[in-house]
Amino acid sequence: MTGMAFACINGATIHYRHRLAAGRPTVVFANSLGTDMRIWNEVERRLADDCTFVAFDKRGHGLSELGDAPQTIETHATDLAGLLDHLGVRRAVICGLSIGGVIAQCLYKTRPDLIEGLILCDTAAKIGTAEMWNGRINATLSKGIASFADDVMQKWFTPDFHKNRSEELAGYKTMLTRQDPAGYAAACAAIRDADFTATTAAIKVLTLCIVGDQDGSTPPELVEALARSIPTARFEVIAGAGHIPCVEQPERLAGLIRGFLNDVRRERK
Ligand SMILES: O=C(O)CCC(=O)CC(=O)O
């Protein structure tokens, strides 16, 4: 199946995309705060022969409902497990960007049986401080996402992207500002309350930690610290990328994912 699909998962209608590549490993892509699954389009195109592709809009983002479940990282991880069950996927590589990477760490803690490998992209065991996220939640609900969207763009994309890819910049800013404020604020609260610092050392599957060299949200030192805390992890830096390398450097990111899938295949034998 390709294109848009919807399923009721854990009480909310979740928007997802599933493209089969027979005999290939399944990679599930979990996106970042304020984005929807279209950020993976250019990576998906490059990996068409390498993996079965699954992406989804987490609850409260894109075309997925917010629902009534508690707005925690555990709920997002339960949704992801539910989506895998719905698709009949027994084991997958999870590639999570930022909050998507936190959701992946949570899924490893609660359902390690589902995970064949982890790609933790521009993420950390704990992102930001309670003060910062409370400020973001207040601004979202009182003044709207547009009130801080330009600041977020500075973290998402490099100065070079701002200078030379202004149409895309405008498009991704629109993606951010069109998110449901309630869904966005709920995801900020979920990030604020999540801390996997105590559990990363227990990760046993092959893991690749990746960061854009100019990431203003989860800077290289933070992602390197995450990689160092996971015994099975490797660390890679993507030059010329901010917080969203799948948009800014899809060729380089797809190459790293392809190499990682080869490592996972070798590990299986
Ligand atoms: O992108 C995420 O999922 C986490 C939020 C973040 O650090 C980027 C931002 O400032 O919106």
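A residue is taken as buried when its relative accessible area is under 20%, as exposed when that area is over 50%, and as partly exposed in between, with a 1.4 Å probe and protein chains only. The model is predicted, so that local features need pLDDT of at least 70 and side-chain atom pairs count only at pLDDT 80 or more, whereas totals for chains, interfaces and linings use all residues. Residues are numbered from 1 along each chain as its sequence is written, and side-chain values use heavy atoms, with hydrogens and water left out.

By the burial criterion, S98 counts as buried because its relative accessibility is 7%. S98 is placed in the loop between β5 and α3 (99-110), where helices (H or I, at least four residues) and strands (E, at least two) are DSSP runs numbered from the N terminus. The phi of S98 is near 55 degrees, a positive value in a residue other than glycine. Most residues other than glycine have a negative phi. A further case is D122, which has a positive phi of about 45 degrees although it is not a glycine, and which is located in the loop between β6 and α4. D122 counts as buried because its relative accessibility is 0%.

Strand β5 (residues 92-97) and β6 run in the parallel sense over 6 bridges, and G96 has L120 as its bridge partner in β6. Strand β6 (residues 115-121) is mostly covered, with 7 of its 7 residues buried.

C8, in strand β1 (residues 5-9), is exposed because its relative accessible area is 61%. Between C8 and N164, the C-alpha to C-alpha distance is 41 Å, at a separation of 156 residues in sequence.

The UniProt record, an unreviewed entry, places the feature "domain: AB hydrolase-1" at residues 27-254; UniProt positions are given in the numbering used here, feature names are shortened, and annotations may be inferred rather than shown by experiment. Over residues 27-254 the chain is 45% helix and 15% strand, and the end C-alpha atoms lie 12 Å apart.

Grid points are joined across faces, edges and corners, and a volume is the space filled by probe spheres set on the points. About 390 Å³ of space lies in the largest pocket, which is lined by 23 residues, with D36, M37, R38, D57 and M175 nearest its centre. The elements giving two or more residues to this lining are β2 (12-19), α1 (41-46) and α7 (166-177), and α7 provides the largest share, 4 residues. By class, with Ala, Val, Leu, Ile, Met, Phe, Trp, Tyr, Cys and Pro counted as nonpolar, Asp, Glu, Lys and Arg as charged, and the others, Gly among them, as polar, the lining of the largest pocket has 6 nonpolar, 10 polar and 7 charged residues.

The second largest pocket holds about 220 Å³ of space and is lined by 17 residues, of which M132, W133, R136, S217 and H243 lie nearest its centre. Two or more residues are given to this lining by each of α4 (130-142), α5 (149-156) and α8, and its composition is 10 nonpolar, 5 polar and 2 charged residues.

V205 is placed in the loop between α8 (181-192) and β7 (207-212) and counts as buried because its relative accessibility is 12%. With contact meaning heavy atoms within 4.5 Å, V205 touches Y108, I115, E116, G117, L118 and T232, not counting residues up to four places away in sequence.

Key: 1 Å grid on protein atoms, 1.4 Å probe; cavity = no way out; pocket = protein on both sides within 12 Å on 5 of 7 lines; lining within 4 Å. Pairing = 2+ DSSP bridges.
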